[in-house]
Amino acid sequence: MMPRFDAILFDFDGVLIDSEPLHYACWVEVLAPLGVKLEWNYYRDHYLGVADREMIPRIAAQTDPPLDWTALWAQYPSKRNCLRKRLEHPPFLPELSRLLEDLRQNHKLAVVSTSVRVEVEPALEAGQIRSYFEAVVTGENTEKHKPAPDPYLLAARMVGARNPLVVEDSEPGIASGRAAGFEVLFIPNAARMPALVRQRVM
Ligand SMILES: [Mg+2]
């Protein structure tokens, strides 16, 4: 039987791994000394799928009184350091390896993330799932980020896909996949991803 899709293009944070609370906790930790208060609900509703570099000026502008965003951005190395430590034991779902093993029988697999490479590759390696993916597109690989179509178009080109399924949890990510002309599967939280993907592709 012909598979419905020739590739599955996975977003990383919130899709392959329940990492958004970790990103959030690290930003809270490094920005609190500067007087920034960041509520999880607000962060979840406005900043998922947004590159750190694009998020920080928005956070600075919304602080009362507004802060100089460059002072906040100076904390970026600390945030990355914090996240690196928390991702040493990455919280991948236990059934993820089996899902990827099943999917790769009939599909090319790729990761398409706005996060920088050092926030993605080491976690894939630590979780022993890096080898399932023929391409890992990260923030550095395209000038324009989600919601622009560029990251998904690049990944599709890299794996030679013409009819891929995009798997996404954020508004910018969904918009990016649709702008690329691909079908998009929305994931409300990473724990439900394997079942939803199996339902859609098999
Ligand atoms: Mg995401």
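## The chain at a glance

The protein chain folds into 10 helices and 5 strands. Its radius of gyration is 17 Å, close to the 17 Å that the globule rule gives for 202 residues, so the chain is as compact as a globular protein of that length. Keep in mind that this is a predicted model. Along its principal axes, the C-alpha trace spans about 60 × 35 × 25 Å. Of the 202 residues, 38% count as buried. If you look at contacts with a separation of 6 or more, 70% of them come from residues 24 or more positions apart.

Where they meet, 14 residues of domain 1 are in contact with 9 residues of domain 2. On the domain 1 side, the touching residues divide into 2 nonpolar, 6 polar and 6 charged.

Now for the inside. The largest nonpolar core has 47 residues, and the members that touch the most others are I8, L9, F10, A110, V111 and V167. Helix α1 (residues 20–31) supplies the largest share of this core, with 5 residues. Domain 1 and domain 2 both give residues to the core, so it lies between them. As a general point, nonpolar side chains tend to be buried together in soluble globular proteins.

## Strands side by side

| Strands | Sense | Bridges | A bridge pair |
|---|---|---|---|
| β1 and β2 | parallel | 4 bridges | F10 and V111 |
| β2 and β3 | parallel | 3 bridges | V111 and V136 |

How enclosed is strand β2 (residues 108–112)? 5 of its 5 residues are buried, so β2 is largely enclosed by the rest of the structure. K108, A110 and V112 point one way from β2, while L109 and V111 point the other way, and all are buried.

A110 has quite a list of contacts beyond its neighbours up to four places away in sequence, including A7, L9, F133, V136, A155 and M158.

L9 sits in strand β1 (residues 7–10). Is L9 buried or exposed? A residue counts as buried with 20 or more other C-beta atoms within 10 Å, and L9 has 30 C-beta neighbours inside 10 Å, so it is buried. Setting aside its neighbours within four places in sequence, L9 is in contact with A110, V112, Y152, A155, A156, P164, V166 and V167. From L9 to S19 there are 10 residues in sequence and 18 Å in space, C-alpha to C-alpha.

## A helix to finish on

Last stop: helix α9 (residues 171–179), where P172, G173, I174, S176 and G177 are buried. What covers these buried residues? The cover includes α8 (150–159), β4 (164–168) and β5 (183–186). Just after α9, G181 takes a positive phi of about 90 degrees.

Conventions. Residues numbered from 1 in each chain as written. Predicted model: local features only at pLDDT ≥ 70, side-chain atom pairs only at ≥ 80, totals over all residues. Contact = placed C-beta atoms within 7 Å. Nonpolar A, V, L, I, M, F, W, Y, C, P; charged D, E, K, R; others polar. Core = buried A, V, L, I, M, F, W, Y, C linked by C-beta atoms within 7 Å. Buried ≥ 20, exposed ≤ 12 C-beta atoms within 10 Å, placed from the backbone. Helix = DSSP H or I, 4+ residues; strand = E, 2+ residues; numbered from the N terminus. Domains from an automatic or database assignment. Rg over C-alpha atoms; globule rule 2.2 N^0.38 Å. Pairing = 2+ DSSP bridges.
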